[in-house]
Amino acid sequence: MTASLAPERTTAPLIPPSTHRYADVIHRLEAGGSMLPDTPENLKQIIGIYKAYAVPMDFYWRDLLYIAERVFLNPLPAFKYFISKEYLDLPNSYAGEQSKLRIWRGGEKAHPELLAFMERGETGRMPKLLHHLWHDRVNMEFAEACMQAMLWHQGMGGRFNDYLESDAYKANADRAIKAYFKGNPVMLGLYKLFPEMFLEQVRQLSYTANLGLFWEVMAPVFFEMSDIYDEGGFKGVPDAMDFLVNGIFAVAGRPIYHHVFIGGECFEIIPKGEGFTWLYEAALPYVEAVFYRTSPFRGTKSYNAQAHQVPDNQADFHYGILYADVYPVGSAGIPPTLLMQDMLHFLPPYLKEIYREHRRGEEDELVQLGITFQRSMYNVTSAVIQALRCALLYPLDDTDPEHLMANRRFFEAQMDRFLRPEARLSDIQSQDYR
Amino acid sequence: MATILETAASAGVFNTLLAAVDAAGLRGALEGPGPFTVFAPVDDAFAALPPGTVQTLVDNPPQLARILKYHVLAGAHSREALAGQSDWESLEGAPVPIRRAEPFEVKNATVVNADIVCDNGVVHVIDRVILPG
Amino acid sequence: MTLLLLLLIPLLAACGLQLLPVASPWVRRTAQAAALAQLATGLLAWRQPPADLSLSWLPKLGLRLDLGIDGLSLPLVLLAALITAMAVLATPLQQVRPRLFYGLLLATNLGLMGSFLARNALLFVLAYELILIPTTLLVAIWGGERRAGAAIRFLIYGAVSGIALLSAVLAFGWLNPGGVDFSFAALAHHALPPDQQRILLALVLLAFGLKLPVVPLHGWQPLTYSQAPTPVAMLLSGAVSKLGAYGLLRFGIGFLPDAWSDWSPWIAAIGAVSAIYGALNAIAQLDMRRLVAYSSLGHMGFLLLALAAATPLSLQGVMAQILAHGLIIALLFCLVGLVETKTGTAQIPELSGLLNAQRGLPFTMGLMLLALMAAAGVPGQAGFVAELLVFEGSWVAYPIPTLVCLLSSGFTAVYAVRLFNRVGFGRLDNATANWASTTWMERAPALVLTALVVVGGIWPTLLTGLSETATAPLALRSSDAVTVIASAAPLTSSPLPA
């Protein structure tokens, strides 16, 4: 299998067309395309928003690791978003000259736009504490909400969650907890009384590390895509998707671990030796838990069980970006809208121009960019679907009809998830959806 | 007869696989009495993966070991025996499905050469790297 | 001179407009300028009260051009001028047949001014009838889907009202012992025998009851108000309906005090029924415009109650309610019209989430919140002041009807909240929310009216200051309703406050 997925088909198709409601999309996927239609504007929009997403992501992954590895079990972590210099300067393993697998041609340090924003924010130069209290900063709450979605949905595939319940993990965590609270009889006493509470906190921190390591990869992927687009290297949306697919495979084997640094010593709560991989333990659970499921947002759905507004079955949750109604952006209690606010600060000029010319111009940029983000995440999901197909099924240019039918069934099963009315798959097929 | 690894080495088309086995530290295990059933991807199968995939795995032995262990079953099973069951549990833990008997397909790979009997097991040559999930 | 000017401005502007080219922006500007000039003249009349004007016109008929302005008519003149100005502002920039439209608006205004300034009953009837045709045409030509039916119904009811009034006025004139004389001076000083008063009062009640309107004479109102275009609805509900209250005050309490005192228990009861009927119907409406129309009907019930009680405080309440309600209802129609223009619908089930800051109409909904609160009588806005005076003034005379009206006032909060909840809150539908945001030009009339409503609530003198001294002498009952002051030579022209 080469870098591009698009097959060259000059003969008649070997299998009959699909009769699924999304047959068009399925045929496009089978031809190597994405769920998002291939138009120049779509490409422009998604690349622009990838870049706008990657800049705050650069902060998210560093701070998530800071929280998981340093802040750890601090009972009053009021300053967990005040990232230390060491972690702000943490070199990205996939960017810069020092990386072994260099994805982004740029540097390994934090993106200059991010640093500029951390200096000034929207208001101006102020002490960091004032920026924090005024909420004129990168919204880390979104990252933590994603982490909580992954923690709460748990069994999204992979071995990670099972390991968190295992004795080995408990032993590791126990050592770390005792070391962290050494000399603190109150907390140690609490730990003796309520060991499960502390263990659960550590599990949460393990997911924090998981997400941080996941996003450490995605940020340089998106930066590189933006750079390639600026040079004209992408001919269309399928090219962008192929880049993502290749990226997914290239980093698939990256280890997922949780190391904590207490008093200068490194405690391996989840050692690399357990064999957890980026693809199975981070990326796929993330996509399932955050893109598809997430959790219902307070204020938009009643949590009253008798009201039956929230599905009984966790698998039926449909609050991820793929199903989102983007209009409530800015309302309280909806964490993804915090991401929209972050992305607003880093939009490339060509994207701002598109927003200025449509709908209400600068007034509803947040909604417009939210919808662009939705398109881009459909593209990422397409990349994940194609990558899964590539890993577990057959090439698109396979000549065996049974193989092609297996592919077809796989695509149809994926599309079945978008049959529910809240899915936005049919909306993104039109350019008018803004 | 030779062991599995010796057979592979002499075939000449399993260089990547052997390097991976060494990198993952599984040589000792695969030299043992076994018996094992090994689905061995040819070099072209590894080359067909997107660039960087193998390199990342080679840099991380535990993760590489997991992928390799997925290609190994406990016990020596011939093609006929394998075809009699739809799923076999790999050493990694995830099941390996047998999707077709004719042509013999293991997950999404086709077996190009089956039933190569060795001292400590049997090898089936496949044309793709199979992955759990 | 000021008085003539008040009449000449709309007349000349209406005629002059027809000479301009149809697509010229000067058409709208002339109409706007005329309305504002009239408002300025009204304010001038306040600062420098003009003397009464009396010109002979058709002496054989007894029709004299008697014009005068006093404490009762000044606030109404200002209200009519302001509402006309706001109606012109609320007219869409791309109006179909603009010259005719603005011309008819100004003709209506002329009729209103003539009615308020008239000191001669026949002149009053003339001006009163003058209003009928332009308003019917405004509804018939530019109205909603059911405009034909609405216009015909409006015309019929209005014609009956006009006939009743004409009959009453003619009878007034002929029954004058000193010879046929229609002037207010003559009508006021002469006290008719009670049985004659009752017949005349029946006609007067019919005429002005159709105008306000009150139940059961309200058949034309919900349909007409909901089918009329926004500026016309503002003018009709804000100014023209107040003519009914003015007429009852002048002709009923002023010229027929004995009959009025006799019948006032029934009048109070009708007021209470009207109030409850209007409020309950408003709760059931699914069309925003019909909801506002029924709300107006309910508030007219309060007016009738206060008129029936006729204590000094309740009559102050009448004037306050005339001004407050005129502003509030014009504001509500303006906002509802704005929502309908932007979103394309006035049906409540089709609207939701308009408060959305990004894609909705947050400014308009903010003003609508204030307007609905004012309509419900929430303290801090003009509606509260007016209702307080009405209820406090009427309680001493008619406690049961007052309680019923209080209940109705409670119901206004119900439909106000329901309307705002359904239309403002909730989810904005992604697929349909494709409208542009409101411009400052579109917001201007609503903004001005809201400001006045809020100021009126904080500074009540705005509502009652001009008319206090004029209404007190008209009272038929003292403040404690113990003594009934029968026809104690009510004045026609009261001194204007300084």
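Visitor: What share of the residues of chain B count as buried?
Guide: In this predicted model, 47% of the 133 residues of chain B count as buried.

Visitor: Which elements does chain B have?
Guide: Chain B contains seven helices and seven strands. From the N terminus on, their order is α-α-α-β-α-α-α-β-α-β-β-β-β-β.

Visitor: In what sense do E3(B) and E4(B) pair, parallel or antiparallel?
Guide: E3(B) pairs with strand E4 (residues 95-100) of chain B in the antiparallel sense, over three bridges. Within E4(B), B:Val96 is the bridge partner of B:Trp88.

Visitor: What about contacts that span the sequence of chain B?
Guide: Take the contacts in chain B between residues at least 6 apart in sequence: 61% of these join residues at least 24 apart.

Visitor: Changing topic, which chains share the most contacts?
Guide: Two pairs of chains are in contact, and chains A and B share the most contacts. Here, 22 residues of chain A are in contact with 19 residues of chain B.

Visitor: Which element of chain A gives the most to that side?
Guide: H11(A) gives the most to the side of chain A that touches chain B, with four residues. By class, that side of chain A has 13 nonpolar, five polar and four charged residues.

Visitor: How far apart are chain B and chain C?
Guide: The closest C-alpha atoms of chain B and chain C lie 37 Å apart, and no contact joins these chains.

Visitor: Back to chain A: at what angle do H10(A) and H12(A) pack?
Guide: Helix H10 (residues 195-231) and helix H12 (residues 278-293) of chain A pack at about 90°, with axes 10 Å apart. Angles of 65 to 115 degrees count as roughly perpendicular, so H10(A) and H12(A) are roughly perpendicular to each other.

Visitor: Which residues make the contact?
Guide: Among them are A:Leu211 and A:Phe214 of H10(A), and A:Trp278 and A:Tyr286 of H12(A). By class, the contact of H10(A) with H12(A) has eight nonpolar, one polar and one charged residues.

Definitions and conventions. Residues are numbered from 1 along each chain as its sequence is written. Chains are lettered from A and ligands numbered from 1 in the order in which they are written. This is a predicted model: local features need pLDDT of at least 70, side-chain atom pairs count only at pLDDT 80 or more; totals for chains, interfaces and linings use all residues. Two strands pair if DSSP finds at least two bridges between them. Helices (H or I, at least four residues) and strands (E, at least two) are DSSP runs, numbered from the N terminus. Axes are lines fitted to C-alpha atoms, for helices over the stretch in contact, and angles run from 0 to 180 degrees between N-to-C directions. Angles under 35 degrees count as roughly parallel, over 145 as roughly antiparallel, 65 to 115 as roughly perpendicular and the rest as oblique. Two residues are in contact if their C-beta atoms, placed from the backbone, lie within 7 Å. Ala, Val, Leu, Ile, Met, Phe, Trp, Tyr, Cys and Pro count as nonpolar, Asp, Glu, Lys and Arg as charged, and the others, Gly among them, as polar. A residue is buried if 20 or more other C-beta atoms lie within 10 Å of its own, exposed if 12 or fewer, and partly exposed in between; C-beta atoms are placed from the backbone.
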